[in-house]
Each structure stands twice: as C-alpha cells, then as structure tokens.
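Please open the model in your viewer and keep the sequence panel beside it. The stops below are meant to be selected one after another.

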Amino acid sequence: MRKYISYLYPITRKVKSKYNDTLEITWHNGKKHLNTKNANYSYGSLQVILKFGLDKIDLKHINSILLLGLGGGSVIETLRQDFNYKKQITAIDIDPVIIDIAKTEYLLESNSNTTIICEDALQFIKENTTKYELIIIDLFIDIKVPKQFLELSFWEDVIKSKSTNGVILFNASLEEKKSHQLQSVINFLKTKVYKVDVYENVNNTNTILISQSL
C-alpha cells in the first residue's frame, strides 16, 4: 500500500543511529530510498553514481570485491542484477543500524557469495590480509567523507589489500575545503604507478575516481 500511496506523496520513516544520526527510509514514486538529512545513501542518486563507475570496469575479470560502506546495499543489487555479477562480495559497515536496514528493508542477505561484516572500515583494512580484485570505497557520514579515509595511511592499507591487477573505485565527493586532500590521494596513487581516472559531476553531484596499475 505504501508503494502506491508514495506516487501521491512521499512516506518517510525515521530511524536513529549512533553513527549516522537520523536515517530516513522514504517511499517516493514507488521506490524506497535510504537517506540522511542531506544525502542519498542507497537506491537513489547514489545507485546511479556507482553504476556509472562500475560501467567503466571490466567485471568479467573480477573474481572478488571488497565494498567499504554498505549503506542499504544498492551497489550489491546493481552488481547482481545489472551486471549479473555472481562472484564473491565482502561488505563492511560500522553501523549495525544500517546493516539491519539493508537486511530488513531491502532484503539483503548474507550467503555463500555475500559476506556482511559490522566493523570499522579503517580497522578492517588495516588488519586485512586478503587480496581483492576490486575495492569499492563509499564511506560517508551524511555528505562528508570522514577525514581518516583521506589520510594516505588509509590508502597504503587499501593498496596492500588490492591484488596486483586490481581496481579501486572511490566515490570521492567532497566539500570544497577538502579538495586538496583529494588531490593528495590522486598524487599518491600516481606515485604507486597507478592510472587514475577522475570523473567529476557524475549525476551532477559526485566525483568518482577509478585507479588501477599501469
């Protein structure tokens, strides 16, 4: 019923979160979105933005994916449905409320090919010993990328977790005052002999980085 009523006007349920303040689950025009006060977290513009990035990657040769930042799980839906990706995905999110929403509202399930871990992405990547062929980094609190994920020490650990010919996809939308930090990340990746493609204003909002070995 809510789905059909949402064509007339949006229906929103708010959920409190320790890490993300207030999350909003909104039915609008027959679709259910996960939002914060200022940003779409899943199943809206974010899904369009990440699909744009995934379109630039040859997923046929990707056998394992690490997703840092689960949200409602829309990128997993995109991979499974739009790209018919059936191989291993490991998703990390610090917020148990987000994970619960992904499972109960969007029916995202852990199975033999999908592993969901509730952990700080910073700590996970620091301790990780597994190599992944694609690492998707989509780490936001509302509209901000937390500063620890723009530190070069974090990116050192990301590189250690990437297979030799692996790819990094970074949803790097930032405020203007942090743009120099993004440039530092780009310069750092280039010093590691990585090609870095920068796509600005994706869906009229975000900057996407795609990086891989030359």
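Begin by selecting L189, which touches W155, I159, I168, Y194, V196 and S211, leaving aside residues up to four places away in sequence; contact here means heavy atoms within 4.5 Å. What you have open is a predicted model, in which local features need pLDDT of at least 70 and side-chain atom pairs count only at pLDDT 80 or more, while totals for chains, interfaces and linings use all residues. Residues are numbered from 1 along each chain as its sequence is written, and side-chain values use heavy atoms, with hydrogens and water left out.

A nonpolar core is a set of buried Ala, Val, Leu, Ile, Met, Phe, Trp, Tyr and Cys residues joined through side-chain atoms within 4.5 Å, where buried means under 20% relative accessible area, exposed over 50% and partly exposed in between, with a 1.4 Å probe and protein chains only.

Now select α6, whose buried residues are F154, W155, D157, V158, I159 and S161. These buried residues pack against β5, α5, β8, β9, α7 and β10.

Move on to N171 in strand β9. Is this residue buried or exposed? N171 is buried, because its relative accessible area is 1%. Its side chain makes polar contacts (pairs of N or O atoms within 3.5 Å; within protein, one must be able to donate a hydrogen and the other to accept it, and residues adjacent in sequence count only if both atoms are side-chain atoms) with the side chain of D138 at 2.8 Å and with the side chain of N206 at 2.9 Å. Among the other residues that N171 touches are L46, I49, F140 and I208.

Finish at I11 in strand β1, which counts as partly exposed because its relative accessibility is 21%. From I11 to F140 the separation is 129 residues in sequence and 24 Å in space, C-alpha to C-alpha.

Note on methods. Helix = DSSP H or I, 4+ residues; strand = E, 2+ residues; numbered from the N terminus.
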